[in-house]
Amino acid sequence: MSEEVSVATNSLPPRLPKSYNIESKPHKFCPGCGHGSVLRAIAESIDELGIQDRTVYGCDIGCSLLSWDFFAVDSVQAHHGRTTPVITGIKRANPNVIGIAYMGDGGGYAIGSQHLVNAANRNERITVFLVNNTNYGMTGGQMAPTTLPGQKTETSPYGRDIEQTGQPFLGPEMVAAVTGEGAYVARGTTSNFIQLKKFVKRAIENQVNGKGFSFVEVLAGCPTNWRTDAKDTWGRIENDMANYFKVGELKVPAKEE
Amino acid sequence: MAEKPIQGEKRVFMTGNEVIAWATVAAQADVMYGYPITPQNEIMHYWTRLAPKYGKTFLQTEDELSAGFTTIGGVLAGRKCFTATAGPGNTLMQEPFSMAEMMRIPIVAIIQQRGGPSTATVIYSQQEVTLTTFGGNGEGHRIVYSPSNHQELFDYTIKSFNTAWKYRFPTFLLGDGYQAKMREPLVMYDPEERGIELIKPEVSLGNGMEKGHYNHLRNTFNTEEELYEIIMSMQEEYERIAPEIIEYQEYNCDDDLDVLIIAHGVVSRAAQEAVSKLRDEGYKVGHFRPITLRPFPEQELRATAQRAKKLLFVESAYGQMAKLVKEALFGLQLEAETLYRPGVGITSDEVIEKVKAISQQ
Amino acid sequence: MTIKIALAGEGGQGVQSVAEILAEAANQEGREAIYIPNFGVEQRGGVSIAYVQISDEKIGSPKFKIADIVIALSGRSIPRTAQYVDANTVFVYDAAIEDHLDALPKNAKRILSIPALEVAKNELSPRVFNVIILGAVIAATNVITPDQAKSALEAKLGHKFAQKPELRDLNYRALERGVELVQQAE
């Protein structure tokens with residue numbers, strides 16, 4: 001506590017996970033963005049599982065690309081929707097690696113959906129985290145597979161019309177339906193960090209144990225494109241989104257005897 | 001029948017993407033299929049807002065492969081359909097574009113070039129020339145327009161639909177991120193009020209019984225010889241119609257030249273300004289601007305290039321336009337210099353500086 | 001003669017709005033005008049820059065290497081806009097800026113400091129800060145007259161003025177104050 005710090009003397013310096021890349025902090029996400037929480041949960045899990053030395057992290061395009069240098073682990077920013085196959089390729093070539101693929105709802109459920117379905121079906125021993133904020137954030141707020149009915153976005157300016165564009169995509173439900181024994185599938189939310197952290201850590205631990213495909217979708221906010229204040233942002237995550245996207249564990253590997 | 005979006009003539013001041021959206025509506029396009037990618041997104045944003053008012057349709061597809069193939073589908077159904085993309089999206093769309101090339105499907109695609117390769121920048125480049133003119137696994141039987149200002153974005157968007165439907169080759173409007181995002185003035189108009197006939201689309205699939213015969217469309221063939229005949233006849237037709245489609249502009253190219261600047265798209269503006277200033281200082285410099293990159297104005301360029309002591313290729317790429325130029329000039333004994341700035345804008349000052357430098361030698 | 005203006009500030013300071021109004025006003029007067037924002041991948045954060053060119057002749061490239069005038073509204077904008085400055089550039093920055101002052105260009109033709117933020121906060125309203133800047137830009141460049149700027153404001157915000165006429169007075173006053181600040185700095 002006698003270190004020189006450049007903060008006010010009545011505050012503590014932040015305790016950051018070991019697997020954080022300090023050089024890239026503070027990060028570039030918008031104020032109120034959900035990505036920060038999810039990445040934090042991942043970093044803490046990497047630390048607690050002691051796997052920093054063999055973790056490889058992959059991110060997608062869109063706001064997730066801002067995490068390309070977030071962690072003090074080897075990282076790769078892939079093309080849009082192609083993070084899953086890149087991490088799959090790494091893991092298959094070197095099974096010792098703990099491969100984490102990170103993407104948004106566009107990268108995972110739109111352009112990357114074929115890769116997600118197939119990785120899940122093959123029960124790839126990788127961990128996929130998908131941050132669901134119901135829009136394409138970085139490109140300016142277009143409609144996404146998980147946009148809610150009636151939600152206004154730049155490409156659904158009059159509100160999402162379910163008749164024309166279908167129901168919001170239920171990703172973990174789809175993954176759970178096609179994946180195999182030993183898989184772990186869950187949906188967490190940034191409005192409950194303790195639970196989120198539990199799911200995230202289990203998803204990574206499942207890979208450490210070599211069980212099966214691990215997938216966690218996380219409900220998150222995007223106040224910039226939602227154009228909501230703090231209260232409404234939180235309300236949307238906790239209420240509108242959670243009413244449609246059910247939070248919880250959908251598939252948990254059977255415990256070994 | 002929905003009312004016309006533009007009645008009379010309107011002078012407006014708007015971004016390039018908005019101009020294109022209005023132009024597609026003025027061209028009586030029916031459907032846009034697209035996927036988000038910077039810097040074309042606003043075309044979708046404006047289209048989705050205009051669509052319900054003018055009886056148009058939109059679908060944001062799951063990715064660019066789908067956007068390209070749904071556009072093909074819509075065209076086969078006999079509607080004027082288009083898509084818009086950039087960079088990595090353009091790379092993906094080469095698969096559907098190849099199908100359109102082989103099957104002579106008149107799709108229209110707006111390309112707003114950004115840095116490349118891969119994700120690179122979301123901003124600007126002229127690095128999608130190769131991809132847009134000769135992408136996919138074909139022989140480049142496509143039509144590519146390279147506009148340089150907002151009036152042309154409007155005019156050539158309308159022309160793209162007419163060209164595609166008249167000649168039945170996939171047609172591209174090759175813009176860039178600067179043109180997409182900048183604001184400048186132009187005059188919007190209703191093409192029919194100006195005497196421009198809008199070619200009506202034809203149905204390929206969906207009215208077979210009514211027509212009395214069914215269309216069976218394919219893009220697969222059994223033998224080498226079969227394919228050869230098809231490609232050769234496509235090439236013959238392409239060459240035959242090229243003179244009707246080729247467009248270019250020349251600035252101060254009338255007499256003999258010390259330097260001939262060759263540039264296209266938004267860079268042509270810098271070249272024009274440079275020529276104007278250099279002429280005031282007594283330099284014998286001219287500028288040749290291809291407007292169609294495919295088919296390329298080969299004969300026209302050969303004629304002018306031979307009167308120049310030196311050529312100067314200027315582009316925001318590393319020689320992509322130059323490759324087309326060199327092919328056109330093959331066999332001629334010419335000296336050429338280059339001003340390549342991949343992914344970076346080029347100002348008239350830079351062009352002037354380069355012309356002066358190469359004039360000293 | 002083309003005037004090249006670069007405005008830079010933090011997101012939310014209204015840099016793009018000022019640029020848009022300026023370019024539209026010039027266009028209204030029948031002059032050639034181009035405005036383009038900078039844009040990168042990040043939605044938020046990073047310095048927001050607007051490039052405006054106004055001329056009587058057709059304008060070439062939408063961006064330029066060197067500006068005739070640079071307006072920097074935040075500390076970070078100062079080093080960020082250094083590349084647009086040469087011996088002929090007038091560099092204007094807000095007097096409230098306390099950081100990055102060591103990055104003020106050594107090679108500019110003139111450096112002007114104007115207390116626009118202070119005037120906005122203490123005299124008028126923080127919400128018209130960018131209109132004060134608009135006034136400053138037109139005083140420094142004479143690309144359009146204050147009256148032309150007022151009719152551009154009217155065109156853009158007229159519907160709001162109709163609901164609250166005091167907003168019109170506030171905006172017009174802000175414009176005039178911006179002009180004054182530059183005249184006083186000279």
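A: A helix axis is a line fitted to C-alpha atoms over the stretch in contact, and an angle between axes runs from 0 to 180 degrees between N-to-C directions. Our model is predicted: local features need pLDDT of at least 70, side-chain atom pairs count only at pLDDT 80 or more, and totals for chains, interfaces and linings use all residues. Residues are numbered from 1 along each chain as its sequence is written, with chains lettered from A and ligands numbered from 1 in the order in which they are written.

Q: At what angle do helix 4 and helix 6 of chain C pack?

A: Two packed helices are described by the angle between their axes and the distance between the axes. Helix 4 (residues 129-141) and helix 6 (residues 165-185) of chain C meet at about 45°, with axes 7 Å apart; helices here are DSSP runs of H or I, at least four residues, numbered from the N terminus. That makes helix 4 of chain C oblique to helix 6 of chain C (under 35 degrees is roughly parallel, over 145 roughly antiparallel, 65 to 115 roughly perpendicular, the rest oblique).

Q: Which residues make this contact?

A: Contact means C-beta atoms, placed from the backbone, within 7 Å. Among them are C:Val131 and C:Ile138 of helix 4 and C:Leu175 and C:Arg177 of helix 6. The contact divides into 13 nonpolar, four polar and two charged residues (nonpolar: Ala, Val, Leu, Ile, Met, Phe, Trp, Tyr, Cys, Pro; charged: Asp, Glu, Lys, Arg; polar: the others, Gly among them).

Q: How many residues join the two domains of chain B?

A: The automatic or database assignment gives domain 1 (9-194) and domain 2 (249-360). In chain B, 23 residues of domain 1 touch 21 residues of domain 2. The domain 1 side has nine nonpolar, 12 polar and two charged residues.

Key: Helix = DSSP H or I, 4+ residues; strand = E, 2+ residues; numbered from the N terminus.
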